[in-house]
Every structure is written in structure tokens, then in C-alpha cells.
Amino acid sequence: MQQENNGFKSGFISIIGRPNVGKSTFLNRVVGQKIAIMSDKPQTTRNKVQGVVTTNDSQMVFIDTPGINEPRHKLGDFMLKVAKNTFREVDVLLFVASAADRIGKQDRYVLEMLKGIEVPVFLVLNKIDQVHPDDLPRIIESYRNEFDFAEAIPISALQGNNVENLLAKISERLPEGPQYYPADQVTDHPERFIISELIREKALHLTREEIPHSIAVVIEKIAPDEENPDMVRVQATIMVVRDSQKGIVIGKKGALLKEIGSRARQDIQNLLGSKVYLELWVKVQKDWRNKALHLRDFGFRDDEY
């Protein structure tokens with residue numbers, strides 16, 4: 001383990017912003033593999049997901065937070081609390097915005113929360129692949145008129161454009177410190193959490209009519225297959241809030257649930273490095289988003305933050 005000497009830098013970086021600006025895509029890009037799920041639906045990320053990037057002279061621990069929005073139920077309250085609690089834990093804040101969208105009410109809602117923050121706040125203008133380069137100075141200026149950013153870095157998390165430059169700028173701002181995690185570790189989350197998120201991601205992709213908050217995934221069991229020790233058996237339950245949603249997730253003759261399982265199994269096999277037998281069930285748990293007990297059961301623990 002690297003000790004606090006020889007100029008080694010380390011610190012924590014929070015990734016914040018309104019929903020659907022590419023925060024999880026950025027995190028997956030910098031750590032080099034999928035640890036945060038991606039969807040075109042807002043507020044896909046619910047818990048904070050930590051990703052670790054280690055170089056020869058620094059270790060950056062990124063915290064991907066839920067998209068900040070005005071909450072409408074207890075789950076929304078939880079997600080807002082998770083995001084806001086990271087403000088006082090970190091060395092650098094990355095405010096991620098979409099270059100393809102004009103600055104709007106939700107962006108200003110987030111920036112208002114950042115006023116008075118003592119740590120450096122970077123503007124990370126994502127999705128520059130969707131705009132003309134000549135438009136970037138004007139877009140950046142519109143954000144600088146709203147907030148005094150320490151840095152303004154345009155990137156494309158999807159294509160990787162200018163991401164290395166952003167990492168270098170972040171490293172410059174970090175204090176000298178220890179190496180918190182082994183050099184080859186890319187996340188602090190257990191495999192069980194990531195597996196549940198991978199299943200939820202596929203369910204979101206394949207259920208266009210459903211809002212993300214209507215779906216949770218509970219991992220019932222992960223264990224070696226008794227008959228085939230080279231295979232891992234994963235049992236999981238997809239939780240929905242209405243009987244009609246259960247029917248949608250299962251699909252005609254179970255076709256959609258089978259497709260969810262097939263797609264999720266590929267990502268889980270990549271994560272575990274072994275063959276996976278995935279069993280999925282669907283269960284109705286009405287109004288779980290407004291019941292603190294169910295939120296804890298499904299992994300949303302605000303006492304950890």
C-alpha cells in the first residue's frame with residue numbers, strides 16, 4: 001500500500017449534475033469498465049457509486065451521485081440526500097452538464113446548492129461530440145455567468161475526448177495523501193451491488209414505458225453451481241409497484257424477462273470472469289418508494305452517508 005510520501009496525491013471527487021448528462025458514462029470511461037449503469041431515463045443512479053483511478057503518482061476516488069432533481073417521494077429524498085452529503089466529503093466537485101442542452105432550471109437548481117462550497121468546482125461540459133466546436137466558448141461562458149468555476153473542461157465521455165486532460169487537472173488539485181485502495185481495484189462496491197445494477201439497467205432499457213423508480217432488483221443468492229463448479233448461479237428478484245408492471249416486465253410468454261436475463265448475464269459474466277446461470281423472478285411490492293423499510297431492504301441506506 002502506497003504511503004503518504006514521495007509527493008503521492010490522493011483524494012475524493014464527486015460527480016454531480018442534473019439527470020441524464022452522462023455522469024455514469026464518464027465514471028465508466030475513467031475506470032475502464034462498467035461499474036455504473038447507463039440509461040436514457042433520468043435518475044438511473046440511486047446510490048453513490050465509487051470508482052477508483054490509480055496512476056503512478058495519484059489515486060482519484062470518484063463518487064457518481066444520483067441526478068439531482070426536486071424530490072417527489074421518499075426515494076427522491078434519499079437520492080438528493082446522497083448527492084448533497086458528498087459535497088462535504090470531497091476534495092473536488094465535478095458539475096457535469098450537457099453541451100447539447102441549454103442551461104436550464106435543473107442546472108441552476110444544482111448550482112444554487114453549490115454556492116458557498118469551499119472546494120474547487122469544475123464545469124465538465126459533456127457531449128461535445130453533439131455540438132460544433134465553434135459553439136463551445138459561448139456555451140462555457142453561459143455557465144460561467146451562473147457560477148465561478150475553478151476550471152471549465154469540455155469532454156466527450158462517450159468517445160473519450162479530452163478526458164485525460166480533465167484527469168490531469170483534477171490531480172493537480174488533490175492534496176498529498178495515501179493510496180486508499182490497491183492499484184488494480186476500480187470500485188469499492190461489492191459484486192452483489194453491481195450485479196443488481198446490471199440487471200436493473202437491462203430492465204430499464206427494455207421497458208420504455210416504465211419510470212426507473214418503479215424497478216428495484218434484489219439479489220437473493222450468488223453461489224457456485226453445485227453440479228458445475230466453473231459456473232456461478234445468480235438468483236434475483238425484480239421488484240415493481242403494480243401488477244400491470246409485472247406483466248410488462250415478464251412480457252408475452254415470458255419473452256421480455258428472458259431477454260432481460262440474457263443481456264444481463266453477458267455483463268455479469270464479464271464482471272465475474274466465469275459462466276453464469278441467471279434466474280430471475282418478478283414480484284409486486286406496492287408503494288415501496290415511499291416506505292423507508294423497503295428502501296433499506298432494497299439497499300438504499302441513508303445511514304451510510
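The following dialogue explains several terms applied to this predicted model.

Modeller: In this predicted model, local features need pLDDT of at least 70, side-chain atom pairs count only at pLDDT 80 or more, and totals for chains, interfaces and linings use all residues. Residues are numbered from 1 along each chain as its sequence is written, and side-chain values use heavy atoms, leaving out hydrogens and water.

Biologist: Why is α1 called roughly perpendicular to α5?

Modeller: Helix α1 (residues 23-31) and helix α5 (residues 163-173) pack at about 85°, with axes 11 Å apart. Angles under 35 degrees count as roughly parallel, over 145 as roughly antiparallel, 65 to 115 as roughly perpendicular and the rest as oblique. Therefore α1 is roughly perpendicular to α5.

Biologist: Why does Ser 10 count as buried?

Modeller: Buried means under 20% relative accessible area, exposed over 50%, and partly exposed in between, with a 1.4 Å probe and protein chains only. Ser 10 has 2% relative accessibility, so Ser 10 counts as buried. Ser 10 belongs to strand β1 (residues 9-16).

Biologist: What makes the pair of Phe 147 and Phe 149 tilted?

Modeller: Rings of Phe, Tyr and Trp (its six-membered ring) pair if their centres lie within 6.5 Å; planes under 30 degrees apart count as stacked, over 60 as edge-to-face and the rest as tilted. The centres of Phe 147 and Phe 149 are 5.0 Å apart and the planes stand at 55°, so the pair is tilted.

Biologist: Which pair involving Phe 26 is edge-to-face?

Modeller: Phe 26 pairs with Phe 62, at 5.8 Å centre to centre and 80° between the planes.

Key
Axes are lines fitted to C-alpha atoms, for helices over the stretch in contact, and angles run from 0 to 180 degrees between N-to-C directions. Helices (H or I, at least four residues) and strands (E, at least two) are DSSP runs, numbered from the N terminus.
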